[in-house]
Amino acid sequence: MSILSVKNVNKQFGGLKALHEVNLEIEAGTVHAIIGPNGAGKSTLLNCFVGRLDPDTGSVDFDGVSLLGMRPHEINQVGVSRVFQTPEIFGDLTLVENVMIPAFASRDGAFQINGWRQVADEASIHESAMHLLEDVGLAASADTVANQLSRGDKRRLELAMCLVQRPKLLLLDEPTAGMARADTNNTIDLLKKIAERGITMVIIEHDMHVVFSLAEKISVLAQGTVIVEGLPNEIKGHPKVQEAYLGGAHL
Ligand SMILES: Nc1ncnc2c1ncn2[C@@H]1O[C@H](COP(=O)(O)OP(=O)(O)OP(=O)(O)O)[C@@H](O)[C@H]1O
Ligand SMILES: [Mg+2]
């Protein structure tokens, strides 16, 4: 069963067709990778799922409900979380505070925090934030200010910030970009654990080691269109995929 159903999505920036008739079905409980050369439209597509961009035409349905016209925090509240290509964290706050903020937000909407409930729930939110920091391997730095983290650790912090919202669908835009190999492998293991919990994942990634370690299905986007889609072994070495990457990224 599809948890996310994308039909005939188009998005134009001035004269540039960033997305052209994109169709995508994401099966519940699977890890689905979107790959493609730089500028293919991958991040633009994700932006259309989370309310950062409105497609010009087409539909995006999550769990049978249209996401179009919903505001980003509303999309969050129905169970869709996202890790951005550039980490979006609160640099001046500690790690545990960073993880607590989205927990409050997902409970109360866009920071419309109800006073007495805040007091009642703060301890339990702190506890679950600490558990998640443990899951992502950052518990020892819980009271460190987020600015001090390496880029790889910022990504892991962002993951914890997503998971605290208990998403049904997790969208990851290049989760291992800029990471050293050891951190990348740790992230692969972490994402496998998350997938085992039944959270559906869409992952955009250039690192084919990550893609082929995690993805159950792969869609290849080139020049705003899905050119090939299939199981990892069908994508590996596919002539159209090789062609799309010629002179571009590695596969
Ligand atoms: N807000 C915007 N305004 C104008 N053009 C944009 C905007 N966002 C993206 N584009 C253009 O749309 C195209 C697709 O960009 P997008 O960022 O979606 O690619 P991508 O597949 O994520 O690439 P990368 O792998 O480099 O992250 C590019 O040509 C980009 O320059
Ligand atoms: Mg991108």
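**Exercise 1. Work out how exposed Asp-56 is and which residue pairs with Asp-56 in a salt bridge.**

Step 1. Asp-56 is partly exposed, with a relative accessible area of 44%; buried means under 20%, exposed over 50%, and partly exposed in between (1.4 Å probe, protein chains only).

Step 2. Before going on, a word on the model: it is predicted, local features need pLDDT of at least 70, side-chain atom pairs count only at pLDDT 80 or more, and totals for chains, interfaces and linings use all residues. Residues are numbered from 1 along each chain as its sequence is written, chains are lettered from A and ligands numbered from 1 in the order in which they are written, and side-chain values use heavy atoms, leaving out hydrogens and water.

Step 3. Now look for the partner: Asp-56 forms a salt bridge with Lys-11, with 3.7 Å between the closest N and O atoms. A salt bridge is a side-chain nitrogen of Lys or Arg within 4 Å of a carboxyl oxygen of Asp or Glu.

Step 4. Lys-11 sits in strand β1 (residues 2-13) and Asp-56 in the loop between α1 and β4 (57-62), so the pair ties together parts that are 45 residues apart in sequence. Strands are DSSP runs of E, at least two residues, and helices are runs of H or I, at least four, numbered from the N terminus.

Step 5. Finally, check Lys-11: this residue is buried, at 12% relative accessible area.

**Exercise 2. Find where Glu-158 and Arg-155 lie.**

Step 1. Glu-158 and Arg-155 form a salt bridge, the closest N and O atoms being 3.3 Å apart.

Step 2. Both lie in helix α5 (residues 151-163), three residues apart, about one turn of the helix.

Step 3. Glu-158 and Arg-155 are both buried.
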